[in-house]
Amino acid sequence: MMVINGCESVAEHPIVDAYKFEKPAHFPEPTYTFRNNQVNEKGFKLGRRLFNDPSLSRDGSISCSSCHVQSHAFADIMLHPFSFGVEDREGKRNAPPLFNLAFQKEFFWDGGVTHLDFAPILAFESEIEMDLSFEEVVARISRSADYPALFKDAFGIEEVTGPYVLHALSQFMLMMLSADSKYDRYVQGDHQALNSLELKGLELFRQHCESCHQEPLFTDLSYRNNGVQRNITDLGRETVTEVPQDRAKFKVPSLRNIEVTSPYMHNARFETLQQVLDHYTEGVAEQVSIDPKVFASGKPVISLNAEEKEQIIAFLKTLTDPGFLTNPIFFNSND
């Protein structure tokens, strides 16, 4: 049975339901400005085509989907700890996964963009990603054989402009809703969804992890230094705020779909969840701006034995959302 945005079967509902944004019942209110850009089927499909189009990079080799792969929750694959851009230029950070973006106000590891509509511009114009000015992106779209007609059909415009390019991309990304994991079914009343090992892991998670990874998004959207850099070479949030107290702080990532988004951390330091938990219990050391929730009084705050780590990992895997990872509406298609 296929699940699309909460619908058990496409055949049982009008197809338009698959392209309508619906807030999961147990989620907070979205922060995205839908009043300016309501998701619809034509806009979504146009955004999907743009997301998968390598011609929008300088040398025609890289699309958004090159670094954001659906089967990995729209993160990069394990082979690319740091994503590669045009001419195989290697990035400096691990590409984060993309989902539940309608509930966020800031984007990227350092929060350098404050609205989803503007996030693609950084990828287009980055010298180590797509390396193409946004002006030229719009020009290439305008010169194409079929894009102008698609934009007219989706937005009723005669000329392709930058804001509508960004609106189309946002419509595609806004529909990346992940809210149908075993955990979600459990908190919505299916008490058989989690087994005893997973339930113990949930209990331990709420005790040791939830202060930063708050349910149901599994992030508090704050910026913290968790000590993952042995020597601070990436200033993180400080590059945006220019506040020394923000040195080496990075956005707390959501743990949803964490099972498929390895490697972990902005610097891709860890390959396994076991390594992540080992870091928090044994590897955190004192340094400038270290978060007191992970290191205080001269030692790591979190204490877990081997069995407890196993239980937490079992719970974290219940955050995997198979329907999201295989939802056909995200497949690369020009229909």
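1. Two residues are in contact when heavy atoms of each lie within 4.5 Å. Helices (H or I, at least four residues) are DSSP runs numbered from the N terminus. With these terms, G43, F44, L46, G47, R48, L50 and F51 in α1 meet V165, A168, L169, Q171, F172 and M173 in α6. The residues of this contact divide into 9 nonpolar, 3 polar and 1 charged. Here Ala, Val, Leu, Ile, Met, Phe, Trp, Tyr, Cys and Pro count as nonpolar, Asp, Glu, Lys and Arg as charged, and the others, Gly among them, as polar.

2. The model is predicted: local features need pLDDT of at least 70, side-chain atom pairs count only at pLDDT 80 or more, and totals for chains, interfaces and linings use all residues. Residues are numbered from 1 along each chain as its sequence is written, and side-chain values use heavy atoms, with hydrogens and water left out.

3. Two packed helices are described by the angle between their axes and the distance between the axes. The axes are lines fitted to C-alpha atoms, for helices over the stretch in contact, and angles run from 0 to 180 degrees between N-to-C directions. Helix α1 (residues 41-51) packs with α6 at an angle of about 95°, the axes being 7 Å apart. The two helices are therefore roughly perpendicular to each other, a term that covers angles of 65 to 115 degrees.

4. Helix α6 (residues 162-174) also has helix α4 (residues 134-143) as a partner: their axes come within 10 Å and cross at roughly 85°. F134, V138 and I141 in α4 meet G162, V165 and L166 in α6. By class, the contact of α4 with α6 has 5 nonpolar residues, 1 polar residue and no charged residues.

5. Which residues touch the most other members of the largest nonpolar core? They are L50 and F151, in a core of 58 residues. A nonpolar core is a set of buried Ala, Val, Leu, Ile, Met, Phe, Trp, Tyr and Cys residues joined through side-chain atoms within 4.5 Å. The elements that give two or more residues to this core are α1, α3 (119-125), α4, α5 (147-155), α6 and α12 (322-326). Among these, α6 gives the most, with 7 residues. Leaving aside neighbours within four places in sequence, L50 is in contact with L56, I141, Y147, F151, V165, A168 and L169. A second, separate core of 30 residues includes A193, C209, L255 and L304.

6. Side chains of opposite charge can pair when their charged atoms come close. The whole structure has 24 salt bridges, each being a side-chain nitrogen of Lys or Arg within 4 Å of a carboxyl oxygen of Asp or Glu. One network of salt bridges links R58, E87, R89 and D131.

7. A salt bridge joins the side chains of K182 and E198 (2.8 Å, N to O). K182 lies in helix α7 (residues 182-187) and E198 in helix α8 (residues 196-208), so the pair ties together parts that are 16 residues apart in sequence. K182 is partly exposed, with a relative accessible area of 28%, whereas E198 counts as buried at 9% relative accessibility. Buried means under 20% relative accessible area, exposed over 50%, and partly exposed in between (1.4 Å probe, protein chains only).

8. R143 and E136 also form a salt bridge through their side chains (2.9 Å, N to O). R143 is exposed, at 58% relative accessible area, and E136 is partly exposed, at 25%.

Note on methods
Angles under 35 degrees count as roughly parallel, over 145 as roughly antiparallel, 65 to 115 as roughly perpendicular and the rest as oblique.
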